[in-house]
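Work through the exercises below with the sequence and the 3D structure open. Try each task before reading its solution.

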Amino acid sequence: MALSAFSDRPSKKLVLFDVDNTLSLPRQAITDDMLQLLKDLKKKFVIGFVGGSDLVKISEQLSVPGTKAVDFFDYGFAENGLIAYKLGKELPSQSFIKHLGEAEYKKMVNFILHYLADLDVPIKRGTFVEFRNGMINVSPIGRNATITERNEYQKYDLEHGIRAAFVKVLQEKFAEYDLTYSIGGQISFDIFPRGWDKTYALKHVEDERFEEIHFVGDKTYKGGNDYEIFSDPRTIGHSVKNPDDTLRLLKEVFLAA
């Protein structure tokens, strides 16, 4: 059956991509090689991105010269799909703070800020708690860290488990909030209502009745922010290590012959 919105594509399949360490390095622009392969892919398949960050940050990484990211990709999902675009047009959104309530939200943020104040990590910069439409993002060192500082902290965090320990404390302290905690990127983790992980984006593609939905991401292990959509029965998951690995996957699996 023809798909009305994408009748120009020979394949009725959707390929969704994580952003950081999948399409581009964290906070860095997408490469020309990746853009070219995505253009080739788009001739055959419907394509989209699913990121945890807000749309401004994702757009900085994925925008094509002269074209906004939400116009280049068929689907654009920021904040796990709470902010959604289809063919450049915005779809209805959701709000974390309306769902949780202002009083409960303040109680949690106050606790987080106290915890961060007592946390001993190698460096601290700025923007430790970032409120987004569909979630809050918490960073032990602050989102204002430079790329070099991010790289160094990622190694430190892997060795000392700072984010994992922080998440465990919050899970116990705010168990009644029924929230999901997802470690992603290099320096932070996201907090959002249960069910508002990246599988939320799949709600926006149901009407097209795709034959297959493929998802490509790097943090596909349990606890990673790609795990839920990667393991969802509605998707075919592909795990990659970095953008170069994504290039390999596209050539070998999607663009071969």
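**Exercise 1.** Find the volume of the second largest pocket and say which helix gives the largest share of its lining.

Solution. Step 1: the second largest pocket holds about 170 Å³ of space. A pocket is found on a 1 Å grid over the protein atoms alone, as an open set of points where a 1.4 Å probe fits, with protein on both sides within 12 Å along at least five of seven lines; lining residues have an atom within 4 Å of a point. Grid points are joined across faces, edges and corners, and the volume is the space filled by probe spheres set on them.

Step 1: the lining includes Q154, D157, L158, R163, A164 and D218. Helices α6 (147–160) and α7 each supply at least two lining residues, and α6 has the largest share with 3 residues. Helices (H or I, at least four residues) and strands (E, at least two) are DSSP runs, numbered from the N terminus.

Step 2: sorted by type, the lining has 4 nonpolar, 3 polar and 4 charged residues.

The model is predicted: local features need pLDDT of at least 70, side-chain atom pairs count only at pLDDT 80 or more, and totals for chains, interfaces and linings use all residues. Residues are numbered from 1 along each chain as its sequence is written, and side-chain values use heavy atoms, with hydrogens and water left out.

**Exercise 2.** Describe the largest pocket and name the strand that gives the most to its lining.

Solution. Step 1: about 260 Å³ of space lies in this pocket. Its lining has 16 residues, and those closest to the centre are V167, Q171, L179, T180 and Y181.

Step 1: at least two lining residues come from each of α7, β8 and α8 (227–231). Strand β8 gives the most, 5 residues.

**Exercise 3.** Give the strand order of the open sheet of 4 strands and find its edges.

Solution. Step 1: the order is β6-β7-β9-β8, and the pairing is antiparallel. Two strands pair if DSSP finds at least two bridges between them.

Step 1: β6 (129–131) and β8 (179–184) are the edge strands; each has a single partner, so one side of each has no neighbour in the sheet. From one strand to the next the twist averages 20°.

Step 2: inside the sheet, 3 bridges join β7 (residues 136–138) to β9 (residues 188–193).

Step 3: Axes are lines fitted to C-alpha atoms, for helices over the stretch in contact, and angles run from 0 to 180 degrees between N-to-C directions. Contact means heavy atoms within 4.5 Å.

**Exercise 4.** Is S53 buried or exposed?

Solution. Step 1: S53 sits in the loop between β2 (46–50) and α2 (55–62).

Step 1: S53 counts as buried because its relative accessibility is 16%; buried means under 20% relative accessible area, exposed over 50%, and partly exposed in between (1.4 Å probe, protein chains only).

Step 2: leaving out residues up to four places away in sequence, S53 touches I58, A78, E79, R132 and R143.

**Exercise 5.** How many residues of β2 are buried?

Solution. Step 1: 5 of the 5 residues of β2 are buried. V46, G48 and V50 lie on one side, I47 and F49 on the other.

Step 1: β2 pairs with β1 (residues 13–17) in the parallel sense over 4 bridges, and L16 stands opposite G48.

Definitions and conventions: Ala, Val, Leu, Ile, Met, Phe, Trp, Tyr, Cys and Pro count as nonpolar, Asp, Glu, Lys and Arg as charged, and the others, Gly among them, as polar.
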